[in-house]
Amino acid sequence: MENSTRSDSNKIDEKKLSLCDIMKDDTSEVIRKLESQTPSLFQNFSDLYTAYLHMYDDLFGTCYISEKEFFDKMNMDPKILQQIKKNSEIMKNNFMEMIDMNTKYIDEYTKMRISAIKSFDNFSHIVMESYVKYLSEFNKSINLKK
(Lines give C-alpha, C1' and ligand atoms only; values in the text may rest on other atoms or scores of the structure.)
Protein backbone atom coordinates (compact mmCIF):
# COMPACT_ATOMS: atom_id res chain seq x y z
CA MET A 1 0.00 0.00 0.00
CA GLU A 2 2.79 2.38 0.91
CA ASN A 3 4.55 1.71 -2.41
CA SER A 4 1.45 2.66 -4.41
CA THR A 5 1.16 5.89 -2.41
CA ARG A 6 4.82 6.67 -3.15
CA SER A 7 4.41 5.93 -6.85
CA ASP A 8 1.34 8.20 -6.98
CA SER A 9 3.30 10.89 -5.17
CA ASN A 10 6.22 10.45 -7.59
CA LYS A 11 3.89 10.77 -10.60
CA ILE A 12 2.59 14.04 -9.18
CA ASP A 13 6.15 15.24 -8.53
CA GLU A 14 7.18 14.31 -12.09
CA LYS A 15 4.53 16.55 -13.57
CA LYS A 16 5.03 20.21 -12.76
CA LEU A 17 1.99 21.26 -10.75
CA SER A 18 0.23 24.51 -11.33
CA LEU A 19 -2.27 26.03 -8.92
CA CYS A 20 -4.40 27.16 -11.85
CA ASP A 21 -4.38 23.67 -13.40
CA ILE A 22 -5.32 22.04 -10.10
CA MET A 23 -8.24 24.40 -9.47
CA LYS A 24 -9.45 24.33 -13.08
CA ASP A 25 -9.26 20.54 -13.40
CA ASP A 26 -10.94 19.81 -10.07
CA THR A 27 -13.62 22.47 -10.57
CA SER A 28 -14.36 21.18 -14.06
CA GLU A 29 -14.64 17.63 -12.76
CA VAL A 30 -17.15 18.68 -10.07
CA ILE A 31 -19.17 20.68 -12.61
CA ARG A 32 -19.26 17.74 -15.04
CA LYS A 33 -20.45 15.47 -12.20
CA LEU A 34 -23.24 17.92 -11.30
CA GLU A 35 -24.16 18.28 -14.95
CA SER A 36 -24.35 14.51 -15.39
CA GLN A 37 -26.84 14.32 -12.48
CA THR A 38 -29.15 17.03 -13.86
CA PRO A 39 -31.33 14.82 -16.10
CA SER A 40 -31.89 12.35 -13.24
CA LEU A 41 -32.78 15.12 -10.79
CA PHE A 42 -35.29 16.67 -13.18
CA GLN A 43 -36.78 13.28 -14.02
CA ASN A 44 -37.15 12.43 -10.32
CA PHE A 45 -38.84 15.77 -9.63
CA SER A 46 -41.12 15.27 -12.64
CA ASP A 47 -42.05 11.75 -11.48
CA LEU A 48 -42.74 13.03 -7.96
CA TYR A 49 -44.92 15.89 -9.21
CA THR A 50 -46.81 13.57 -11.58
CA ALA A 51 -47.49 11.11 -8.73
CA TYR A 52 -48.69 14.01 -6.57
CA LEU A 53 -51.10 15.24 -9.25
CA HIS A 54 -52.41 11.73 -9.98
CA MET A 55 -52.99 11.17 -6.26
CA TYR A 56 -55.31 14.19 -6.15
CA ASP A 57 -57.07 13.12 -9.35
CA ASP A 58 -57.65 9.67 -7.84
CA LEU A 59 -58.81 11.19 -4.56
CA PHE A 60 -61.47 13.27 -6.31
CA GLY A 61 -62.43 10.26 -8.43
CA THR A 62 -62.94 8.15 -5.31
CA CYS A 63 -64.99 10.91 -3.69
CA TYR A 64 -67.07 11.16 -6.86
CA ILE A 65 -67.95 7.47 -6.77
CA SER A 66 -68.73 7.57 -3.04
CA GLU A 67 -70.80 10.75 -3.06
CA LYS A 68 -72.58 10.57 -6.42
CA GLU A 69 -75.36 8.31 -5.23
CA PHE A 70 -75.85 10.39 -2.05
CA PHE A 71 -76.09 13.75 -3.84
CA ASP A 72 -78.19 12.34 -6.72
CA LYS A 73 -80.80 11.20 -4.19
CA MET A 74 -81.06 14.72 -2.72
CA ASN A 75 -82.94 15.98 -5.79
CA MET A 76 -81.25 19.37 -5.67
CA ASP A 77 -82.85 22.27 -7.53
CA PRO A 78 -81.34 22.45 -11.08
CA LYS A 79 -80.86 26.22 -10.69
CA ILE A 80 -78.63 25.67 -7.66
CA LEU A 81 -76.67 23.07 -9.60
CA GLN A 82 -76.28 25.50 -12.52
CA GLN A 83 -74.96 28.17 -10.15
CA ILE A 84 -72.55 25.71 -8.56
CA LYS A 85 -71.36 24.78 -12.06
CA LYS A 86 -70.82 28.47 -12.97
CA ASN A 87 -68.88 29.06 -9.75
CA SER A 88 -66.79 25.95 -10.34
CA GLU A 89 -65.98 27.04 -13.92
CA ILE A 90 -64.94 30.50 -12.70
CA MET A 91 -62.58 28.93 -10.17
CA LYS A 92 -61.29 26.45 -12.75
CA ASN A 93 -60.63 29.23 -15.28
CA ASN A 94 -58.83 31.28 -12.62
CA PHE A 95 -56.59 28.31 -11.83
CA MET A 96 -55.93 27.71 -15.53
CA GLU A 97 -54.91 31.36 -16.00
CA MET A 98 -52.67 31.22 -12.92
CA ILE A 99 -50.98 28.09 -14.25
CA ASP A 100 -50.36 29.81 -17.60
CA MET A 101 -49.09 32.99 -15.90
CA ASN A 102 -46.77 31.02 -13.61
CA THR A 103 -45.44 29.00 -16.51
CA LYS A 104 -44.73 32.19 -18.50
CA TYR A 105 -43.17 33.82 -15.44
CA ILE A 106 -40.84 30.88 -14.82
CA ASP A 107 -39.95 30.78 -18.53
CA GLU A 108 -39.09 34.50 -18.60
CA TYR A 109 -37.30 34.31 -15.24
CA THR A 110 -35.16 31.44 -16.53
CA LYS A 111 -34.34 33.34 -19.73
CA MET A 112 -33.39 36.40 -17.66
CA ARG A 113 -31.13 34.35 -15.38
CA ILE A 114 -29.43 32.70 -18.36
CA SER A 115 -28.90 36.14 -19.91
CA ALA A 116 -27.40 37.40 -16.64
CA ILE A 117 -25.06 34.40 -16.49
CA LYS A 118 -23.95 35.01 -20.10
CA SER A 119 -23.40 38.72 -19.36
CA PHE A 120 -21.33 37.85 -16.30
CA ASP A 121 -19.37 35.30 -18.34
CA ASN A 122 -18.61 37.93 -21.00
CA PHE A 123 -17.64 40.44 -18.30
CA SER A 124 -15.37 37.85 -16.65
CA HIS A 125 -13.60 37.20 -19.95
CA ILE A 126 -13.00 40.92 -20.45
CA VAL A 127 -11.67 41.29 -16.90
CA MET A 128 -9.44 38.22 -17.30
CA GLU A 129 -8.05 39.54 -20.61
CA SER A 130 -7.24 42.86 -18.92
CA TYR A 131 -5.71 41.00 -15.97
CA VAL A 132 -3.50 38.91 -18.27
CA LYS A 133 -2.31 42.05 -20.08
CA TYR A 134 -1.56 43.68 -16.73
CA LEU A 135 0.40 40.64 -15.53
CA SER A 136 2.29 40.53 -18.79
CA GLU A 137 3.27 44.20 -18.47
CA PHE A 138 4.17 43.65 -14.83
CA ASN A 139 6.40 40.70 -15.74
CA LYS A 140 8.08 42.76 -18.48
CA SER A 141 8.82 45.58 -16.05
CA ILE A 142 10.30 43.13 -13.53
CA ASN A 143 12.48 41.53 -16.24
CA LEU A 144 13.73 44.96 -17.37
CA LYS A 145 14.85 45.81 -13.85
CA LYS A 146 17.03 42.66 -13.67
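Visitor: In which helix do Asp 72 and Lys 68 both lie, and how many residues apart are they?

Guide: Asp 72 and Lys 68 both lie in helix α2, 4 residues apart, which is about one turn of the helix. Helices here are DSSP runs of H or I with at least four residues, strands are runs of E with at least two, and both are numbered from the N terminus. Before going on, please note that this is a predicted model, in which local features need pLDDT of at least 70 and side-chain atom pairs count only at pLDDT 80 or more, while totals for chains, interfaces and linings use all residues. Residues are numbered from 1 along each chain as its sequence is written, and side-chain values use heavy atoms, with hydrogens and water left out.

Visitor: How many helices and strands does the protein chain have?

Guide: The protein chain has 3 helices and 0 strands, and its elements run α-α-α from the N terminus on. Helix α2 covers residues 19–72, whereas helix α3 covers residues 78–145.

Visitor: What share of the residues in the protein chain is buried?

Guide: Of the 146 residues in the protein chain, buried residues make up 1%. A residue is called buried when its relative accessible area is under 20%, exposed when that area is over 50%, and partly exposed in between, using a 1.4 Å probe and protein chains only.

Visitor: With which residue does Lys 111 form a salt bridge?

Guide: Lys 111 pairs with Asp 107, and the closest N and O atoms of this salt bridge are 3.3 Å apart. Both residues lie in helix α3, 4 residues apart, about one turn of the helix. Lys 111 is partly exposed, with a relative accessible area of 47%, and Asp 107 is partly exposed at 35%. Salt bridges that share partners join Asp 107, Glu 108 and Lys 111 into one network.

Visitor: Which residues line the largest pocket?

Guide: Rolling a probe the size of a water molecule over the atoms shows where empty space is left. A pocket is an open set of points, on a 1 Å grid over the protein atoms alone, with protein on both sides within 12 Å along at least five of seven lines, and its lining residues have an atom within 4 Å of a point. The largest pocket is lined by Cys 63, Tyr 64, Glu 67, Lys 68, Phe 71, Asp 72, Met 76, Leu 81 and Ile 84, so Lys 68 and Asp 72, the partners of the salt bridge described above, belong to its lining under this definition. About 280 Å³ of space lies in this pocket, where the volume is the space filled by probe spheres set on the points, joined across faces, edges and corners.

Visitor: Which helix gives the largest share of that lining?

Guide: The largest share, 6 residues, comes from α2, while α2 and α3 each supply at least two. By class, the lining has 6 nonpolar, no polar and 3 charged residues; Ala, Val, Leu, Ile, Met, Phe, Trp, Tyr, Cys and Pro count as nonpolar, Asp, Glu, Lys and Arg as charged, and the others, Gly among them, as polar.

Visitor: What is the volume of the second largest pocket?

Guide: The second largest pocket has a volume of about 190 Å³, and Tyr 49, Leu 53, Lys 92, Phe 95, Met 96 and Ile 99 line it. Helix α3 gives the most to this lining, with 4 residues, and the lining divides into 5 nonpolar, no polar and 1 charged residues.

Visitor: Where is Asn 75 placed?

Guide: Asn 75 is in the loop between α2 and α3. Most residues other than glycine have a negative phi. Phi of Asn 75, however, is near 50 degrees, a positive value in a residue other than glycine, and Asn 75 is exposed, with a relative accessible area of 65%.

Notes: 1 Å grid on protein atoms, 1.4 Å probe; cavity = no way out; pocket = protein on both sides within 12 Å on 5 of 7 lines; lining within 4 Å. Salt bridge = Lys/Arg side-chain N within 4 Å of Asp/Glu carboxyl O.
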